[in-house]
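Okay, hi everyone, thanks for coming. I'll take you through a couple of spots in this structure, so let's get it up on the screen.

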Amino acid sequence: MATAADVRDILNLPQNPLGTKNVAKKTPQTRKEAGITRELYQLIGDSAPTLVAQYARPKLKAKPELGRPKVKWEWKEFQHSNRADALAMHHWTKTSPAQPEEEYPFAKYSNIPPIAYEYSSEEYSRLLEDPDWSREETDYLFALVKEYDVRFFVIYDRYDFPEGKPRSMQDLKARYYHICRKLIKSRPFAGDEQTKNQVMSSYSYDKVREDQRRNYLNGLFSRTPAQIAEEEALYIECKRIEQNERRFQRERDDLLRTLAGMESGLASLSLRVDDPTNSLPPLNIGSRPRVPRRSDGMELDSPVANNNMIAMPSPYSGPSSLPGTGGRQKSGSVSGGATPKQPLSISLSSAPAVPETSFDPVHCLTQPTAPLTTSSLTTKTHKPVHFRSSLIPQPKSSLKQKVNAAIQEMGVHPERLVMPTAANLEKLEGLQAAAGGLLDMKKALDRVEQEIRINKARLRGGSEAGETDADGTGETDRGRTDREGSIASLEPSGNRQKRSASVVSSAASAAPDVRPRKRQRP
Amino acid sequence: MIYGGDEISAVVLDVGTSSTRLGYAGEETPRCILPTSYGYMPRTVKTVDPSGMEVETTSRDLYVGENGVGRWRAGMEVGNPMADGLIYDWSPTKDIIEHAFTKGLEVNPQEHPVLVTEPAWNTAANRERMAEIMFEEFQVPAFYIANNSVLSAFASGKGTALIIDIGKSQANVTPVVDGFVLRKGIAHSSIPALVQNSAHSILAHGDQTRPAIDLLPYQLIDKKQIVEPNQPPRCVLRDDRIAVTAPSWRNWALQREVEEWMMACGAVLPREYSEEHARSWARKTYEFPTGFNSSFGGERFIPGDIFFTTHHLPPTQSQTQHPATLPELLTAALRATEPDLRPALFNNVVLTGGGACLPGMGDRIGYELQKLAGGQKVRLHVPGNMLERRYSSWIGGSILGSLGTFHQLWISKQEWQEHGKSIVASRCK
């Protein structure tokens, strides 16, 4: 480092400008001022004392006060309390004068109480004798169980009893759990009977079943890729056959119903087969969005994903929706589809009772079942909260008076439904429909009778010309007044009488029964 | 403290066939990595008999460490104390460990507890010998020996795992349950050596596009000139050195050149090997120390494929006894485990070891596992960091040795003196 003397030497300046020779004498005076680096001070030397005053210690930003005392760490020896020996290990710890002897913080994690059972000699001879197991081998097993904390995979791996039988893991488990159960049973138990049973059941081990399960698992693992592929293909094939079958069934039923109508006898049955909730359980379960089903029904799921779904019953299927328990007819379709041309098919279309509600008698709940996707009836899936009294069915306004009159005639007050329960509403609806049907029937009957009469008159007119004309009209008039008078008096002869009687009886019972009407067909 | 760690300045020692790793427990990577191979100069060389008898004598000068085997010395032979992944020659092992302690890590072993690793098929005598050396020769205060498969599982944060460890001389598949090795499921074979041989034969035999390659190490080459690809090399050899080079060193150097080539060019196809598939991948150019350079296409996938099939071996060799391939090892290991355990193992497969660093190895192992799994879900853990993949057993030892809950398991010197060798087996399960 260049000193003041060197600089003077370079600049050809005389040494010691102040003329002082004694350097050693000066040293106490030329004490280095704070704030000047040593190198700079050496350059300045002692020739610029006036400058020194201008140098001040640079002010640094004050350290933030964190309110924490200084932490000191030390390399400290410690003893592990779980060790039997006096191994001195060292680690870095914060110095704390207060606690000189502290337990090693990790020692507590290693004090695991033994979970394995132990038995005395007396207990063994009394309870635990087994012809298959010697005392020594049982002891060996229990020692291993204790050593490896009941990890049976490891126990089985390390199990090597000299001159012992080859044991499977199931053998070891069965022996161990059997002894545990015996011990629990024989020893006094601290808790009540229920907890004792719980503890007992937690030690239950069914060796036969476990063996079966193990064999099954082994079989699963030893499948070749070809077998796996075949299994998958079979599953898919099976599903396709099932879906095809269902489709054929549905189409055949549709066809039958179209061709044979009522006489096919399929009404409720075929609709139940159509029910998608009944036949395709995986589609309605689970969180995935429901895919609209194509008509050919080729919607396949992988076998793995659906294994558990298949076993699950559909919530809306089963015996709760028995046919005929509650046939709720659509009033719209009854009156709307009632054209005078086909009076009989009207009652048909409304009669097949689609079980749309299932009733839970215990909780008095009526649940709407899933709507039919294949039905031609209107499907309104969502119904807001409502009073059932708002659902009291009303006949079509044009027929309302006549229907009400007909009902009233049978001694039922049409406007007074005190308790509109689901069943009552159904009955009322059925009653109204039946009354409507009755009126339609009457109209048709009138027309037919009129035609008959006209034709008869024509026939007679053909044979006898003049005087029969007055008789014919007279008869016709009388008949008309009779018919328009009352239903009860509507009792012509023969076949006609029987028919109307059955209509009345069906209206009175108000049950949408199919059978009596079926007989109505000529 | 937060992570359950409490460092007591323990040292982890992991001796492998290729390298010996040493470092402080609690650190991420080993501080010092030395080749396990060592050079030695027989003192009584050129006397009566330069055979194995001389090798066994203690009168030889050992050269260990970075400047040991890698530096050319006239007449220096090369030895390796490992065979089949186990230490069989203890006298150089002591020197290697001492070198690692004093020169590599620069510590006094008397002040540090030492955690040593062992392969799953280690013998009881071997681990007791290791304990003896540690306590008697190095005077360590505490000692523990842990299984390197278990440590690999710990390094990837698993207690139960199926470890696939592909080392330099041995590949092994080991099921680990709750930190215990299932001894019945251990399967290991010397397939890496076969892979190495096949890589050598690929390079040593030319084909229509390139001549046979002379695998000379750079220590024996004086000057070289840049040549066009596939042209014969123009280099000046150090004939003075070649004349006095020991055959074992020459072989060691040759194997290292093959390894270098494998590291640079070798790869594994994601599916079964097929010529056109292999050719569709990019070629790789590699220059040898002689200056010869060539680009390698489909052939660079063949050595990696030998890990999986024996198709590439000449028919005489494949029909005779060949070391088990990785799928065979996996099958053997899984067959020996309980079926109840297999889903857990398939879910926790860990790939580790130097051989696992071959590009594409993870994908291929996953593919082979899927074939074996029979519809089971397979989850393969392959560390992305190559250092972690190679040294996962050391890293697991580093984790274990720095855990506060582990410190009660150390075998202390006092216990060693009281109980003798039997304590090793009872403590290190």
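Let's start in chain B, with B:Tyr40, which sits opposite B:Leu62 in strand β5(B). Before I go on, keep in mind that this is a predicted model.

So, what joins β4(B) to β5(B)? Three bridges do, and the two strands run antiparallel. Zoom out a bit and you get an open sheet of three strands in chain B, in the order β5-β4-β6, paired antiparallel. Which strands stand at the edges? Those are β5 (61-63) and β6 (77-79) of chain B. Each has a single partner strand, so one side of each has no neighbour in the sheet. From one strand to the next, the twist averages 35°.

Staying in chain B, have a look at the loop between β4 (38-41) and α1 (52-56), where you'll find B:Arg43. Buried or exposed? B:Arg43 is exposed, at a relative accessible area of 57%. B:Arg43 and B:Arg60 are 17 residues apart in sequence, and their C-alpha atoms are 5.2 Å apart in space.

Now over to chain A, for a pair of helices. Helix α17 (residues 397-409) packs with helix α18 (residues 422-463) at an angle of about 105°, and their axes are 9 Å apart. That angle makes α17(A) roughly perpendicular to α18(A). Who makes the contact? From α17(A) it's A:Lys402, A:Val403 and A:Ile407, and from α18(A) it's A:Leu431, A:Gln432, A:Ala435, A:Gly436 and A:Leu439. Sorted by class, that contact has five nonpolar residues, two polar and one charged.

That's my tour, over to you.

Note on methods: Residues are numbered from 1 along each chain as its sequence is written. Chains are lettered from A and ligands numbered from 1 in the order in which they are written. This is a predicted model: local features need pLDDT of at least 70, side-chain atom pairs count only at pLDDT 80 or more; totals for chains, interfaces and linings use all residues. Side-chain values use heavy atoms; hydrogens and water are left out. Axes are lines fitted to C-alpha atoms, for helices over the stretch in contact, and angles run from 0 to 180 degrees between N-to-C directions. Helices (H or I, at least four residues) and strands (E, at least two) are DSSP runs, numbered from the N terminus. Angles under 35 degrees count as roughly parallel, over 145 as roughly antiparallel, 65 to 115 as roughly perpendicular and the rest as oblique. Contact means heavy atoms within 4.5 Å. Ala, Val, Leu, Ile, Met, Phe, Trp, Tyr, Cys and Pro count as nonpolar, Asp, Glu, Lys and Arg as charged, and the others, Gly among them, as polar. Buried means under 20% relative accessible area, exposed over 50%, partly exposed in between (1.4 Å probe, protein chains only). Two strands pair if DSSP finds at least two bridges between them.
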